[in-house]
2 protein chains.
Amino acid sequence: MPGPPDPRDLVERARAGEQLAVARLISMVENSGPQLREVSAALSPHTGRAHVVGLTGSPGVGKSTSTSALVTELRGRGRRVGVLAVDPSSPFSGGALLGDRVRMGEHAGDDGVFIRSMATRGHLGGLSWATPQALRVLDAAGCDVVLVETVGVGQSEVEIVGLADSTVVLLAPGMGDGIQAAKAGILEIGDVFVVNKADREGARRTVRELRNMLHLRTPDGPEPWEPPVLSTVASRSEGIDAVADALQEHLAWAEKSGERARRRRERARREIEAIGMEQVRARMERVRGGDALDTLTARVLEGGLDPWAAADELLEQSG
Amino acid sequence: MPGPPDPRDLVERARAGEQLAVARLISMVENSGPQLREVSAALSPHTGRAHVVGLTGSPGVGKSTSTSALVTELRGRGRRVGVLAVDPSSPFSGGALLGDRVRMGEHAGDDGVFIRSMATRGHLGGLSWATPQALRVLDAAGCDVVLVETVGVGQSEVEIVGLADSTVVLLAPGMGDGIQAAKAGILEIGDVFVVNKADREGARRTVRELRNMLHLRTPDGPEPWEPPVLSTVASRSEGIDAVADALQEHLAWAEKSGERARRRRERARREIEAIGMEQVRARMERVRGGDALDTLTARVLEGGLDPWAAADELLEQSG
């Protein structure tokens, strides 16, 4: 049996467009294998180029279809494209529900497209920690654009806004009425808004309401970005070219205004913090083979110890 | 000006049903004030009684309306009820979008109901860390049931499944078709499924599809819980009594099967870990007044250092 591959060699092969090398590298970072640090160091000199685009929206708005259509559009423009589909996984199985093939079958065989489903493993900080590592692999592999598709609204949006250079918020007619959009906190995080399934009833009303709500946003800086509200029918690729154009314009604005630098800095900060915290979490779980945490947990449940005192003891012991 | 209140005194007053004392305690834990540890220790002997119920679902399914109707139902049964509404907040403003008064106005003046909106502050582990503390306050204050309402699907569901004794997943007709529900990973986490807005078209189909999908779930244990799929029109309080009954039945099952003990243990474990990680995060940010993290971030962005090496250095310096 051959020994483990040399990470630097794998990175070179990934940069040359070898799909298997990319897949292997992502697995190595995703599973926190023993070579993780070597891989991370080998990636570093090649990162920081890709346009990182977040795509988000509630279930049912057509995220996967839109992602796929956008991949086709960007490929037509000669860009190398990476896709990270962050699936919520069962907290019980730990696995992603839909495989890469099922989701993005039409791009199979195109060696300018790298697609990966990320399982969010359910441990604390899961998204924060593993996704940026996979993103670094795709970036280093020479992807011009990396699309990060996240499911759902809520916590994950707050993550993605710190993660992406540009964020696309997808809505569908009837699901995007004003108060719901505001509740979900999506108005502040979108750089480009897309009302998909625009051939359905109520699409124009959703677009109008969204525009009205966006006017209430506090402008950020002297030359603020005004998020466009676009309409698409992703299943027929209608309007996708305009989405690609808007992303290009947003990137140009973000470069000029310093917003991209700000987000990249914040992304790197949070990545470092998340890695540090994950290290500490792993260390806390290892204290006396996990017995320390079990014992402290039992004492908290009996009411004899409060969780803060328990955390102090655990940190003390894991230091 | 009077000095800061004595936490033990506040806890006694909260247990006597004083709304202001409850509010004050939650603020003290939510803002990680200097008395947090004292508060936490004072709460400990009184916790562990409340039935913790998670309510979740996509925006637009009627979560707030359902929560409010369930509060009314439980009050009618003579239970003391706490509500924690975990709002996604703008990552920019840091504030909750809708105030407590707007959401639950009809329960104002009922001193058997404690309602609190939690802002998810967008920092790593925000939900994991602050919500359990507020929950402990409501539990110690003598709430028989604490409803934790979270917005959205994705990450936050994985959190809530570790948090709640019983989890209610809300859907609405047309939003809950099979594949979407599976994608959102909600099938595994629900103990009780509720199709709200059951007077709308397609409600029966959604119920049927959901039941079919649930039959595919892997049974957990020898006498597994079979999650009921109920129909409600929360705005007219229709079907809410059945939801309250189902929650009562689930609690009885969870007590008997050991599932409640398992979840409480997991909840306490994760709470301890989350507190420990938050401590470390705060420590990492404080190294040389934040300069250390800034410097390391800049080095990562220049490509000279990879994030793992940066995290190692930071942990070293914050130890």
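In this predicted model, A:Ser237 is partly exposed, with a relative accessible area of 45%. The residue sits in the loop of chain A that runs between strand E7 (229-231) and helix H10 (240-257). B:Ser237 counts as partly exposed because its relative accessibility is 44%, a value between the 20% limit for buried residues and the 50% limit for exposed ones.

The helix that follows this loop in chain B can be traced next. H10(B) has 18 residues and spans 26 Å from its first C-alpha to its last, close to the 26 Å expected at 1.5 Å a residue. Its buried residues are B:Ile240, B:Val243, B:Ala244, B:Ala246, B:Leu247, B:His250, B:Leu251, B:Trp253 and B:Ala254. An α-helix has 3.6 residues a turn, so residues three or four places apart point the same way. What do the buried residues of H10(B) pack against? Their partners in chain B are strand E1 (51-57), helix H4 (63-76), strand E5 (166-171), strand E6 (192-195), E7 and H11. After H10(B) comes B:Gly258, with a positive phi near 90°.

Another helix of chain B, H2 (residues 19-30), has 12 residues. From first C-alpha to last, H2(B) reaches 16 Å, close to the 16 Å expected at 1.5 Å a residue. Buried in H2(B) are B:Ala21, B:Val22, B:Leu25, B:Ile26, B:Met28, B:Val29 and B:Glu30. The helix is followed by B:Ser32, where phi is positive, near 40°.

Of the contacts in chain A between residues at least 6 apart in sequence, 76% join residues at least 24 apart.

The two chains also meet through helices. Two packed helices are described by the angle between their axes and the distance between the axes. Helix H12 (residues 291-301) of chain A packs on helix H11 (residues 259-286) of chain B at an angle of about 110°, with the axes 9 Å apart. That angle makes H12(A) roughly perpendicular to H11(B), and the crossing is right-handed. H12(A) brings A:Leu293, A:Asp294, A:Leu296, A:Thr297, A:Val300 and A:Leu301 to the contact, while H11(B) brings B:Arg264, B:Arg265, B:Ala268, B:Arg269, B:Ile272 and B:Glu273. By class, the residues of this contact are six nonpolar, one polar and five charged.

A further contact between the chains pairs helix H3 (residues 36-43) of chain A with helix H13 (residues 307-318) of chain B. Their axes come within 8 Å and cross at roughly 115°. Which residues make this contact? From H3(A) they are A:Leu36, A:Arg37 and A:Ser40, which meet B:Pro307, B:Trp308 and B:Asp312 of H13(B). The contact of H3(A) with H13(B) has three nonpolar, one polar and two charged residues.

How values were computed: Residues numbered from 1 in each chain as written. Chains lettered and ligands numbered in written order. Predicted model: local features only at pLDDT ≥ 70, side-chain atom pairs only at ≥ 80, totals over all residues. Heavy atoms only, no water. Helix = DSSP H or I, 4+ residues; strand = E, 2+ residues; numbered from the N terminus. Expected span 1.5 Å × (residues − 1). Buried < 20%, exposed > 50% of the residue type's maximum accessible area, 1.4 Å probe, protein only. Axes fitted to C-alpha atoms, helices over the stretch in contact; angles between N-to-C directions. Contact = heavy atoms within 4.5 Å. Nonpolar A, V, L, I, M, F, W, Y, C, P; charged D, E, K, R; others polar. Parallel < 35°, antiparallel > 145°, perpendicular 65-115°, else oblique. Left-handed = near helix turned anticlockwise from the far one by under 90°.
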